[in-house]
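Please look over the sequence and the model shown here before reading on. The report that follows works through them part by part.

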Amino acid sequence: MSKKTARRRARRRRVTPGGGAPRPAMRYMSVIAQDPSVKNRSGGILMAKVTVPAEELVPGPIGYRVQVVDYNSTTRKFRDAHALPATFGAQPKRWRDGARSLVDDYRFHAQNVYALVMKTLARFEFALGRRVGWSFDAHQLKIAPHGMLDANAFYSPGEEGLVFGYFPGRTGRTIYTCLSHDVVVHETTHALVDALRERYLDPSSPDQAAFHEGFADVVALLSVFSQKELIAAMLRRPASKSPSRTLIHRKDIAPDALKDNALLSLAEQMGGEMEGVRGGALRRSVTLDPEPGLLAQSEFLEPHRRGEVFVAAVMNAFVDAWSRRIDTSGAPGQQLYPIARVAEDGADIAEALMTMWIRALDYMPPVHLEFPDALSAALTADLEVRPDDSRFELRRHLLRSFRRYEIEPASPVRNLPGIWEPAPAGLRYDRVRFDSMRSDKDEVFRFLWENRGTLWTRHNVSNLERAAYSEVLSVRPCVRAGLDGFILRETVAEYYQVARLTVAELRKAGITLPAGYQDSLRRAQRETGERRSAALPAAAASGLGRSRDGFAEDDEALTTPIYGGGALIFDEYGRLKYHVHNELFQPERQSRRLAYLWEAGFIQTGRQGVRFRAARLSTMHRLRSMDARRYPAEAW
Amino acid sequence: MARAPRSVEIRSYQVGFGDCFLLSFVYGPTDKRHVLIDFGTTELPVRGQPRAPAKASQHMPEVAKDIARVSEGRLTAVVATHRHADHISGFATDARTGKSGEIIAKLKPKVVIQPWTEDPRAARDARKATRDSSASRRGFIAGLGAMHDIAAVVADLAQRRASWFGPALAKQLRFLGEDNIRNASAVKNLIAMGKARGAVAVWARHGSTSGLERHLPGVKVHVLGPPDLTQTETIKTMRSKDPSEFWHLLAGRSGLRDGVPLAQGLNGGRRTAGVPAEARWFRERLERMQREQLLEIVRTLDDQMNNTSLILLFEVFGRKLLFPGDAQLENWSYALVDAPTRDRTQRLLAAVDVYKVGHHGSLNATPKTLLWERFAHRKGNGRRKPARVLTTLLSTLPGKHGSTQRKTEVPRTPLLKALEAETELFNTDTLSFAAKNTELCHTVEVKP
């Protein structure tokens with residue numbers, strides 16, 4: 001044995017805690033920075049290098065969280081189980097350089113979706129400080145990179161997967177939705193939000209309907225802008241003349257100029273044909289000017305339009321913070337700034353803002369979300385883990401930008417604007433165990449039960465006693481790291497409640513019924529009555545319990561479900577910090593919710609009682625791509 | 001010559017799932033002027049042994065001959081509200097409808113009215129209803145063309161691969177697909193009739209003239225829909241894209257002659273072997289999703305085409321007759337909500353005396369609060385009895401379209417109940433269709 005071989009063997013024998021040779025924790029992969037129509041300096045496709053958690057992949061690729069299935073349900077052909085290059089260096093050169101041929105390289109497509117989905121998952125896990133599962137029991141999300149011929153891409157919880165369509169473009173070339181960074185991250189975000197807030201796909205408020213779409217857009221766009229390669233490429237071609245390819249003039253970093261040079265410029269370069277799939281959120285975030293009463297306009301009650309307001313508010317805050325950051329970091333009178341640094345600042349701010357919004361999910365009420373709740377959640381989550389906001393002033397910019405769109409935070413706390421109110425005083429912990437509270441749903445429920453008199457005080461009804469059904473959905477301990485190294489330990493739990501109330505009970509709870517709703521219930525009851533009387537003539541004939549108009553308000557077969565729920569944030573000592581919740585017996589919100597559901601046509605009254613129609617993302621995307629308006633009140 | 005009609009006779013012909021209305025304006029004992037609104041079917045009622053839908057090739061010429069008889073060989077106008085088969089198939093001159101279109105063409109209509117989307121000149125650039133644009137951009141009309149291609153593929157697929165879709169889905173796909181297939185013969189005949197000597201072709205849009213003014217003195221015709229894209233764009237200034245783009249994406253390059261990408265793609269045919277075991281579960285799910293997507297696409301497509309429907313309001317001796325074709329809410333919403341003239345339109349519509357029920361009684365073609373609830377001449381509901389009762393004309397065939405379970409059946413039950421309770425309803429479905437005793441139409445006479 002030569003000396004060299006011996007040394008190599010010795011190195012291999014070096015013992016690591018898990019046994020075996022040390023393995024890298026991360027892995028680098030090339031992805032398309034935005035989509036194939038965004039070009040690099042030499043006319044190729046602009047690429048980016050992303051970091052994903054390392055794992056041993058089997059051909060598919062199949063990993064511990066993701067299974068890529070390259071099956072095309074339109075042609076009914078299975079393309080291949082793709083084996084990805086083992087390392088960054090092992091990738092074909094054209095993958096790194098962005099050769100045009102990538103567009104038809106299915107093996108690269110597989111890497112592109114795999115890397116972007118895993119990157120997004122890793123971002124969520126970092127931001128939330130814990131593992132994040134999918135909304136279904138399986139561990140692996142299925143991904144069809146060429147699932148069907150359709151100008152659509154969507155997440156389908158029932159099928160446990162993401163489907164990316166492909167379609168012929170204007171020039172006859174095939175457009176693959178799986179090659180668009182924003183589309184892949186958008187769909188992955190739908191899957192992750194669905195895992196974290198399973199009730200957000202239910203109809204409940206116009207804002208909630210818009211949120212899934214708007215939030216997915218926000219994460220997708222910030223994900224794109226967190227790539228400094230991409231920002232630099234955009235800034236290298238600003239409108240005004242710059243003396244050099246590496247410097248940018250001061251006037252090109254004013255908020256409006258940045259919007260034009262970075263956001264709008266990307267929107268224009270992005271594959272135009274993809275706009276049918278993704279909508280024009282980026283473009284709109286630049287052009288949608290705030291105006292009084294915007295959110296009340298009928299057009300903005302459409303979920304996809306309303307979501308764009310949310311996106312615009314966040315993206316404007318991004319640009320403001322970025323512009324301000326460059327401005328304050330320069331020397332007085334400085335006229336030229338290095339593009340590389342400006343791009344890096346932009347990417348950092350995009351990353352920070354994205355992290356902030358992902359964290360915000362934990363601080364949002366699990367049912368009936370409205371934009372003000374989302375804003376308060378983002379501000380509070382960020383304050384907890386990043387108390388010092390002086391570097392980017394993200395919270396200030398966010399608050400200001402949302403206010404311009406007339407979205408005020410939900411929390412009325414004065415000294416820290418928008419921050420959720422702290423948990424009420426006087427909570428008892430003596431009958432619960434600290435240790436179990438970090439993981440045990442029953443223990444958390446006991447905490448709720450013991451403190452039911454303190455936790456829900458606003459409306460004088462104890463939610464727990466009156467709710468027909470209460471469930472602690474999850475208890476998750478988290479360790480969150482701020483960008484400055486600050487570590488925050490929290491336990492996050494969420495619970496959910498349902499009460500099914502008769503008309504009489506709804507009235508008693510002070511909940512207003514929408515006009516026409518009662519008539520509809522009455523009709524449903526009549527149908528049920530007819531059916532029953534056919535079976536039991538005697539019972540129907542007796543007419544027991546009927547009011548004068550033949551409508552029984554206390555008919556227990558015809559109840560309307562109302563929902564409540566909350567997020568509980570415990571500190572590292574097991575004390576409750578925040579109780580973010582929507583109470584079951586909160587007449588104003590519940591009345592508003594019923595009115596919306598009724599007007600938007602989400603309530604169906606029928607023989608089976610009152611039902612709600614759940615949203616389907618594939619349908620939502622199609623409505624969006626056609627910019628459709630619906631008129632539910634006009635249908636029969 | 002009489003200055004104004006003394007009465008109007010309206011015949012609603014039995015065409016199964018389809019529309020065919022003949023309006024006869026009676027100016028004097030020997031002066032009647034006839035306007036035919038739509039003439040098409042996608043499926044006829046069942047008759048005979050074994051019980052099977054009647055044949056269009058036999059029935060449609062019968063209807064056409066009756067139209068020729070009633071109109072004494074001369075039509076003032078033909079209106080084709082939109083290009084769905086159930087509204088225009090009877091104008092075809094091929095064998096499928098027994099050359100019924102030839103019979104109609106011989107009646108030499110003086111005016112042929114179609115929505116602007118049918119204007120062959122507009123096909124070059126569909127943004128404006130007239131030909132004053134030279135920029136040859138892919139437009140709305142090309143989008144409609146793309147829809148036909150998709151429909152043809154889907155109908156064919158539903159036929160050939162029925163077992164793969166399952167019977168219920170295949171039936172719906174076939175029905176919707178066939179209704180949306182390009183009916184070249186009918187379209188050609190309509191254009192030819194408009195080009196014939198002494199005839200005028202009118203491509204109408206919201207607010208435009210109908211071309212009937214000269215031929216029907218004393219009758220005012222309001223064109224309420226469809227809006228053209230320049231009209232809808234004024235209210236959509238913030239919108240950055242054209243919804244018709246969607247169809248191009250699906251069908252590929254518009255105007256593509258050599259094959260349609262979706263067609264090629266969908267004809268994939270037999271499932272190939274060689275799917276690894278770990279991918280099979282998802283394969284099943286994916287295929288199911290694809291079938292659902294297909295139905296959703298075809299439904300959307302059907303809606304789009306319905307929304308190119310002409311909406312005509314005839315005003316004669318103070319009476320108002322409304323013929324909205326298959327217009328759905330998106331088409332109606334311009335006239336009722338967004339147009340500058342909406343208040344006047346709403347006032348006019350509140351006084352409607354005869355209403356041709358939109359889209360065979362589907363759930364979203366009779367705007368409930370914007371139109372129906374404003375009709376002043378409805379009876380019942382405890383209100384004071386109106387001086388005259390609203391007459392409604394429904395041409396439909398139940399059990400062909402939509403599903404009761406999903407509350408999308410046509411005609412929609414609650415609407416049908418309301419029509420029965422609150423109006424004088426003439427439903428073609430109640431016409432006898434026995435072999436020996438076929439009633440061809442309902443006739444309603446409207447008098448001052």
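## Confidence and conventions

In chain B, residues 124–138 have a pLDDT that stays under 50, and the model gives this stretch 29 contacts beyond four places in sequence; here pLDDT is the predictor's confidence in each residue, from 0 to 100, and contact means heavy atoms within 4.5 Å. Residues 234–244 of chain B likewise stay under 50 in pLDDT, with 22 contacts beyond four places in sequence. Over chain B the mean pLDDT is 83, and 83% of its residues reach 70 or more.

This is a predicted model, in which local features need pLDDT of at least 70 and side-chain atom pairs count only at pLDDT 80 or more, while totals for chains, interfaces and linings use all residues. Residues are numbered from 1 along each chain as its sequence is written, chains are lettered from A and ligands numbered from 1 in the order in which they are written, and side-chain values use heavy atoms, with hydrogens and water left out.

## The two chains

The table sets out the make-up of each chain. Helices (H or I, at least four residues) and strands (E, at least two) are DSSP runs, numbered from the N terminus; buried means under 20% relative accessible area, exposed over 50%, and partly exposed in between, with a 1.4 Å probe and protein chains only.

Among the contacts in chain A with a separation of 6 or more, 70% are between residues 24 or more positions apart. In chain B, 71% of the contacts between residues at least 6 apart in sequence join residues at least 24 apart.

## Helix 5 of chain A

Helix 5 of chain A runs over residues 206–225, and its 20 residues should span 28 Å at 1.5 Å a residue, which agrees with the 28 Å between its end C-alpha atoms; the expected span is 1.5 Å times one less than the number of residues. The helix has a kink of about 35° centred on A:H212, where the bend at a residue is the angle between axes fitted to the seven residues ending there and the seven starting there. Helix 5 of chain A is mostly covered, with 20 of its 20 residues buried.

What does B:S12 touch, leaving aside its neighbours within four places in sequence? Its contacts are B:C20, B:F21, B:L393, B:T428, B:L431, B:L440, B:C441 and B:H442. B:S12 lies in strand 1 (residues 7–13) of chain B, and it counts as buried because its relative accessibility is 0%. B:T428 is 416 residues from B:S12 in sequence, yet their C-alpha atoms are 7.0 Å apart in space.

No disulfides are present over all chains, a disulfide being a pair of cysteine sulfur atoms within 2.5 Å. B:C441 is accordingly in no disulfide, and its nearest cysteine sulfur, that of B:C20, is 8.9 Å away.

B:H84 sits in the loop between strand 6 (77–79) and helix 2 (85–88) of chain B, and with a relative accessible area of 0% it is buried. Beyond residues up to four places away in sequence, B:H84 touches B:D179, B:N180, B:D302, B:M305, B:N306 and B:D326.

## Backbone features in chain B

Most residues other than glycine have a negative phi, and most peptide bonds are trans. B:D38, in strand 3 (residues 31–39) of chain B, is not a glycine but has a positive phi of about 65°, and at a relative accessible area of 1% B:D38 is buried. B:F317 also has a positive phi, near 30°; B:F317 belongs to the loop between strand 10 (311–316) and strand 11 (319–323) and is partly exposed at 24% relative accessibility.

A cis peptide bond, with omega about 0°, joins B:G225 and B:P226, and B:P226 is placed in the loop between strand 9 (219–225) and helix 8 (229–235). The bond from B:V410 to B:P411 is cis as well, with omega near -5°, and B:P411 is found in the loop between strand 13 (391–394) and helix 14 (413–422).
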